[in-house]
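Me: I am new to this structure and would like to learn how to read it step by step. Could we begin with the words needed for the chain as a whole?

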Amino acid sequence: MAKISINIATGSLQQAEMIVGIDLGTTNSLVAIIHPESKQPTALKEFDSSSLVPSVVHFDALGNAEVGELAKNYLESDPGNTIFSAKRLMGKSFNDLKSNANFFTYKVIDDDADRLVKVQVGNQFYSPIELSSFILKELKNRAEHILKTPVSKAVITVPAYFNDAQRQATRDAGKLAGLDVLRIVNEPTAASLAYGIGLNKDEEKTIAVYDLGGGTFDISILRIAGGIFEVLSTNGDTYLGGDDLDRALMEFWLNQIGIPFHEIKNDKSALQSLRLLAEEAKKTLSSSNSFEGVWNDNRVTITVDEFNSIITPLVNRTIDSCSKALADAGLSVDQIDAVIMVGGSTRVPLVKSSIGAFFKQTVNDSVNPDEVVALGAAIQADILAGNNKDFLLLDITPLSLGIETMGGLMDVLIPRNAKIPNKAGRQYTTQKDGQGSMRISVFQGERDLVQHNRKLAEFNFTGIPGMPAGMPKVEVSFLINADGILSVTAKELRSGVEQSIEVKPQYGLTDEEVEAMLMDSITHAKEDMVTRALVEARTEGEQILSVTEKFIAKNTSLLTKEELIATASAMQNLQMALTMDDKNLIQTKIEELNEISRPFAERAMDAAVGGALKGKQV
Ligand code: AMP
């Protein structure tokens, strides 16, 4: 039975456990709930301040952390100790970031380029998880202060393209902040929930969620049917957003007053005031036709037409991404039922009109674009609280997941684009008599040989009881939970020995890398098929040789002299064929050996040999 308590301050009835929805953003974060009385999703704010908490952490000389608006004030004056965009670091190694290393004004540790990054502040080191946990802690405190009740459970949103490592990192940040993270939800899924799309189980819709924030852009195509949300494709640019519009405007004005950029590039305070003026102008131009201001004693002006013309190239880049996302989803513009606007920069009229024109429809912009994701997260939290039982949120795997089998082949257990949560299993067996352990290597990618894919994890499955080769039945199961986190279990079915691991990859993949891996699999498809066929033929040949050899050693007395000679020669021929890169030759030699051995094998087939011929070997 659910507990009901009374809020002493307001006299209202409250659920004992309030589950909050959190949008942990690159630039701003916020927390929302379903209002206990109005039942409407509501962003939490203190009195008439903003609901947005800047995702900025400042460390003072003593190492005390300050978060939000206060910390943001230090962005220009104390850049080395003021951490912004920590979300961009989640689940990343320095190698992942190095092409954008200049973006960060604070010290991102590059000692070991392959390990997860840390940030150095004074002589302290912080992981992106810790940095995000400071922001989450601030949101938790804020919610507790406003709601006057402890908050310990949350739903947190992440971009649809976040991989396992990044989702796990977000979950860990929540834990560190004292939150039990009930669910990680994709931002576009949350946004569509906030528009009420998907709340009716009979509804079937394909929607585009266009998210242009302060520093990032992404577009996601979702298919919603029967209360299930499926991400069909995502695209975007992780370094494109409102900040770029501000920069375009700064350049325009420097041109207007005839100051070359290099003359003021070291004057931090002049640049800072110009940037603030540019942002103010940009916001003004979202509802007026012109802007006029003064900067360093210079009059600066801009009309909406001028502004539109300088930002058109940036808007066009987002439209290119929309085209690509549609193509990846295999859809045309006419198949999109609704377009949803997310992120503060979608307030720019040219953005709305251009995106509407591209999708040939009026865009949905009635929900505050800064709050829409958090509001959707609150709706999801409410569903999880049991107030709305009919829903299940579904995402898909960006790349195939599988394990390495004999000859370095990728054996896919869960294919790309499979729905999440998901479960798959397959049986494998041993290669050698008495083999007590088996190496399970988990890979992600589309190529046939694991060496071209990405290794996610590896473990040694030990404790297989001694049995002849081919006898043990090792069931390897993959389970991806609703947050997209994979656990792998190996179980020997005859003995019940079991072992499992949760896959937390060392560092993440960027959107571009996922795309590159997919492209690679397409360009190499033909040669991969040839390689796979060859490796499979070789593996089969090796198995047959070893089985035949064992068989003959055991059953020499059952064979005639002619049979022995013919078998030895066929084995030798197969052995020779295995050294060559000719799949057909190997297959012919396998056939020939089979032809010769079939009569006496039939005579004396025993269970062990029968077993050895069945099942794949890891
Ligand atoms: P977000 O990351 O979603 O919080 O988006 C913040 C971005 O939205 C910043 O670049 C802001 O300058 C921009 N923004 C906020 N309000 C407006 C507005 N009225 N017109 C244009 N851009 C805006």
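Reply: Let us start with burial: a residue counts as buried under 20% relative accessible area, as exposed over 50%, and as partly exposed in between, with a 1.4 Å probe and protein chains only. By that rule, 50% of the 618 residues of the protein chain are buried. Please keep in mind that this is a predicted model, in which local features need pLDDT of at least 70 and side-chain atom pairs count only at pLDDT 80 or more, while totals for chains, interfaces and linings use all residues. Residues are numbered from 1 along each chain as its sequence is written, and side-chain values use heavy atoms, with hydrogens and water left out.

Me: How many helices and strands does the protein chain have, and which domains are assigned to it?

Reply: Helices (H or I, at least four residues) and strands (E, at least two) are DSSP runs numbered from the N terminus, and the protein chain has 17 helices and 31 strands. Domain bounds come from an automatic or database domain assignment, which here gives domain 1 (2–8 + 395–517), domain 2 (19–195 + 369–384), domain 3 (199–366) and domain 4 (527–613). The C-alpha centres of domain 2 and domain 4 are 60 Å apart, and the C-alpha atoms of the protein chain fill a box of roughly 105 × 65 × 55 Å along the principal axes.

Me: Where does the ligand lie, and which residues come nearest to it?

Reply: A residue is near a molecule if one of its heavy atoms lies within 4 Å of it. There are 15 residues around the ligand, and Asn28, Gly214, Glu279, Lys282 and Ser286 come nearest. The ligand lies between domain 2 (19–195 + 369–384) and domain 3 (199–366), because both give residues to the shell around it. Helix α9 (residues 268–284) supplies the largest share of that shell, three residues.

Me: What should I look for in the backbone angle phi?

Reply: Most residues other than glycine have a negative phi, and most peptide bonds are trans. Ser85, in the loop between β9 (82–84) and α3 (94–97), has a positive phi near 55°, and Ser85 is buried, with a relative accessible area of 6%. Asp297 also has a positive phi, of about 70°, although it is not a glycine. Asp297 lies in the loop between β18 (290–295) and β19 (298–303), and is exposed, with a relative accessible area of 78%.
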